[in-house]
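Me: I would like to go through this model with you and ask, term by term, what each label rests on.

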Amino acid sequence: MEKLKSGTQKLGLYLSPGQLEQFHIYYKELVDWNRKMNLTRITGYEEVQVRHFLDSLTVTLAVKSLAEGESFSVIDVGTGAGLPGIPLKILWPDIGLVLLEATAKKAKFLHHLVAKLGLGNVEIVVGRAEEVAHNARYRERFDLVLSRAVASLPTLVELTLPFCAIGGSFVAQKKGDIEQEVNKASRAITVLGGSLREIKAVDLEELGGERRLIVINKVGPAPPEYPRRPGVPAKRPIIS
Ligand code: SAH
């Protein structure tokens, strides 16, 4: 896990030998299960360390202050093989983590992985964000909402901001020229009770120079009619 170790140091993070061992186990399980099901196209040892694990940990650049001291609650919407949620949980063992994934098969991998890694306080929910976000147990309950590679921003904020507690934030990981995507999403952000806080560039040579974190604060409630029925946020996004 040398690539991960050096990369995280550049992010100002420290991983103990035990944490590096957890990432190593994660790698082995991911590649092993990937033979039976489609979890990832990235399978090389160094590639996974950088493009999955390190990339997931870049969200700390947007939430560092939140992490110091007390525990907080995180939901990863459309987590797939556990990204970015599981790397963050390995880094910060005290967070409460919900992994939300629509595909039951992937959830089976997640259960296996969480047990293998010995992680506590992780809940795996199988379902669609459009439905789960209307469940009072999850609605407006999280200090931090994460989502990587799930949808374009206007759709994504409808799927994620309803989970976010007022005063909490949503961090989207995006690539390339995202100004246009952010502009397109400005109406959806407002409608869903959000406010754009910042677009942060991730300067890590390992990842190339084009990564961005879009940080949205939840400043008011999401109207109860959102998110709309499954598929509608993608089919008819709220566009400015
Ligand atoms: N976040 C992971 C996976 C990205 S692929 C990563 O970065 O590697 C997108 C994942 O989101 C898929 O596993 C898909 O099943 C899930 N997904 C897509 N739409 C969803 C929805 N509306 N609710 C819950 N999960 C969803």
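Me: How many aromatic pairs does a search of the whole structure find, and why is the pair of Y27 and Y45 called edge-to-face?
Reply: The search of the whole structure finds six aromatic pairs. Rings of Phe, Tyr and Trp (its six-membered ring) pair if their centres lie within 6.5 Å, and planes under 30 degrees apart count as stacked, over 60 as edge-to-face and the rest as tilted. The ring centres of Y27 and Y45 are 5.0 Å apart and their planes stand at 75°, so this pair is edge-to-face.

Me: What should I keep in mind about the model itself?
Reply: This is a predicted model, in which local features need pLDDT of at least 70 and side-chain atom pairs count only at pLDDT 80 or more, while totals for chains, interfaces and linings use all residues. Residues are numbered from 1 along each chain as its sequence is written, and side-chain values use heavy atoms, with hydrogens and water left out.

Me: Which residues around the ligand are the closest, and how does its shell divide?
Reply: The ligand is surrounded by 15 residues, of which G78, L83, E101, K106 and R148 are the closest; a residue counts if one of its heavy atoms lies within 4 Å. The shell divides into five nonpolar, five polar and five charged residues.

Me: Where are the cis peptide bonds at P84 and P227?
Reply: One joins L83 and P84, with omega about 5°, and P84 is in the loop between β1 (73-77) and α5 (85-91). Another joins Y226 and P227, with omega about -5°, and P227 lies in the loop between β7 (208-218) and α11 (232-235).

How values were computed
Nonpolar A, V, L, I, M, F, W, Y, C, P; charged D, E, K, R; others polar. Helix = DSSP H or I, 4+ residues; strand = E, 2+ residues; numbered from the N terminus.
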